[in-house]
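This briefing walks through a single protein chain, topic by topic. Please keep the sequence and the structure in view while reading.

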Amino acid sequence: MAKRSLIVFALTLVLVTSAVPVRHVHGVLMTPEEVAMLDAASRNDDGQSKGDNTVVRVLKAPFKAIGRLFGLGKKDNNKIARLSEKDVKKFESVGTAKVVDARTATTGFETPATAPGTENAPVANAAAAPAQQNLERGRALLNSGNTTDAIMVLSTAVSNDPTLHEAYSLMGVAYEMKGLRDRAFESFEKALKADKENAEYLNNLGFLHFKNGDYDKAAKYLKQAVKVAPQAQRYWNNLGLVQAQRAKFEDAYDCFVRAVGEYQGHMNVANRSQAMGYDKTAIKHLEEARVLRPATAEILLRLAVLYKRTGNDELAAEANKALVATRSQAVKE
């Protein structure tokens with residue numbers, strides 16, 4: 001009797017707990033952009049809802065990808081896989097005999113075009129290939145989005161030739177794409193340690209610190225990058241993003257000008273400052289942008305909103321009037 005009572009109690013407990021709706025996933029809240037993405041994913045082209053199954057599939061997609069990555073079968077696709085050190089090592093190959101150093105010009109986050117003749121080199125033969133060939137094959141795989149095989153091939157390259165710091169830089173990009181940020185930091189730091197004045201390595205490490213939220217360290221490396229390569233627009237743009245995030249908006253503007261020109265520089269600073277709640281700074285740069293392009297509807301609309309928000313109703317009315325005139329002119333044309 002007691003045994004039967006225990007069984008009934010256990011079944012009741014299971015039914016009650018399974019009926020409680022799941023409201024949080026690991027305590028992570030979705031951003032508005034993610035909400036919009038899921039909302040869009042749950043609708044057909046004609047705007048009709050496709051039901052809950054699509055949203056569930058979208059949410060499960062990353063976990064399915066992890067399952068495929070680590071060789072799980074179809075039955076395991078819905079299980080959340082934890083990334084252990086053992087799992088990570090599945091990306092990497094076993095070291096092979098070293099060959100003569102065969103480095104070429106450095107690359108970086110941009111992963112430039114692969115050398116001719118290496119695009120279709122089989123991954124299975126990575127262990128038998130020279131380090132330079134594996135470097136080029138790894139770059140091709142990375143450019144094609146095959147990050148798992150890229151890591152394996154590039155790992156073989158550095159096993160063959162530890163001085164091939166170019167491969168470490170590419171591995172850093174691949175690891176970041178896989179969400180393995182600690183590994184990405186480790187790889188970028190190894191590349192930079194081997195070549196401390198390499199602008200691309202400085203940029204890669206600086207931008208990774210930016211993505212990780214350490215803006216002071218990001219600024220340190222990116223300032224060095226633009227000093228070494230003052231013509232590199234990408235590095236100036238990245239430094240502009242960092243300086244804006246540090247609320248150093250005038251410095252950010254100077255960087256953006258070097259990257260994308262005056263008009264877009266003002267717009268970039270206006271975007272970042274408004275997003276961060278610095279309405280007056282946003283107004284200043286939108287006004288400067290309006291001087292360069294007076295009849296731009298986007299600028300007038302944003303100014304009208306910001307003027308209203310900051311209590312300047314007269315300027316808000318003026319901006320609205322100019323916006324109406326601009327739109328009327330656009331219709332006529």
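Is aspartate 279 buried or exposed? Aspartate 279 counts as buried, because its relative accessibility is 14% and the cut-off for buried is under 20%.

**Confidence of the prediction**

- Across the protein chain the average pLDDT is 73, and 61% of the residues reach a score of at least 70.
- Over residues 8–84 the pLDDT stays under 50, and for this stretch the model has 40 contacts beyond four places in sequence.

**Salt bridges**

- Side chains of opposite charge can pair when their charged atoms come close.
- In this structure there are eleven salt bridges, and one of them joins aspartate 279 to arginine 309, with N and O 3.1 Å apart.
- Because aspartate 279 belongs to helix H14 (residues 279–292) and arginine 309 to helix H15 (residues 297–309), this pair ties together parts that are 30 residues apart in sequence.
- Another salt bridge is formed by glutamate 318 and arginine 290, whose closest N and O atoms are 4.0 Å apart.
- This second pair also links distant parts of the chain, since glutamate 318 sits in helix H16 (residues 313–332) and arginine 290 in helix H14, 28 residues apart.
- Glutamate 318 is partly exposed at 43% relative accessibility, and arginine 290 is partly exposed too, with a relative accessible area of 22%.
- Salt bridges with shared partners bring Glu136, Arg139 and Glu166 together in one network.
- Arginine 181 and glutamate 176 meet through their side chains in a salt bridge of 2.5 Å, N to O, in which arginine 181 is partly exposed at 23%, whereas glutamate 176 counts as buried at 9%.

**Helix H11 and its surroundings**

- Helix H11 (residues 233–245) has 13 residues, and the distance from its first C-alpha to its last is 18 Å, close to the 18 Å expected at 1.5 Å a residue.
- Its buried residues include Tyr235, Trp236, Leu239 and Val242.
- The buried residues of H11 pack against four helices, namely H9 (199–211), H10 (215–228), H12 (249–260) and H13 (262–275).
- After H11 comes alanine 247, which has a positive phi, near 65 degrees.

**Threonine 147**

- Threonine 147, in helix H6 (residues 147–160), counts as buried at 7% relative accessibility.
- Its side chain makes a polar contact of 3.4 Å with the side chain of lysine 178.
- Leaving aside residues up to four places away in sequence, threonine 147 touches Leu142, Ala174, Met177 and Lys178.

**Aromatic rings**

- The count comes to three aromatic pairs, and in one of them the rings of phenylalanine 207 and phenylalanine 210 have centres 5.5 Å apart and planes at 35 degrees, so the pair is tilted.
- Both of these phenylalanines lie in helix H9, three residues apart, or about one turn of the helix.
- The rings of phenylalanine 249 and tyrosine 278 have centres 5.0 Å apart and planes at 65 degrees, so this pair is edge-to-face.
- Since phenylalanine 249 lies in helix H12 and tyrosine 278 in the loop between H13 and H14, the pair ties together parts that are 29 residues apart in sequence.
- Phenylalanine 249 is buried, with a relative accessible area of 7%, whereas tyrosine 278 is partly exposed, at 37%.
- Phe207, Phe210 and Tyr215 make up one aromatic cluster.

Definitions and conventions:
Residues numbered from 1 in each chain as written. Predicted model: local features only at pLDDT ≥ 70, side-chain atom pairs only at ≥ 80, totals over all residues. Heavy atoms only, no water. Helix = DSSP H or I, 4+ residues; strand = E, 2+ residues; numbered from the N terminus. Expected span 1.5 Å × (residues − 1). Buried < 20%, exposed > 50% of the residue type's maximum accessible area, 1.4 Å probe, protein only. Contact = heavy atoms within 4.5 Å. Polar contact = N/O pair within 3.5 Å; in protein donor to acceptor, adjacent residues only side chain to side chain. pLDDT = per-residue confidence, 0-100. Phe/Tyr/Trp six-rings, centres within 6.5 Å; stacked < 30°, edge-to-face > 60°.
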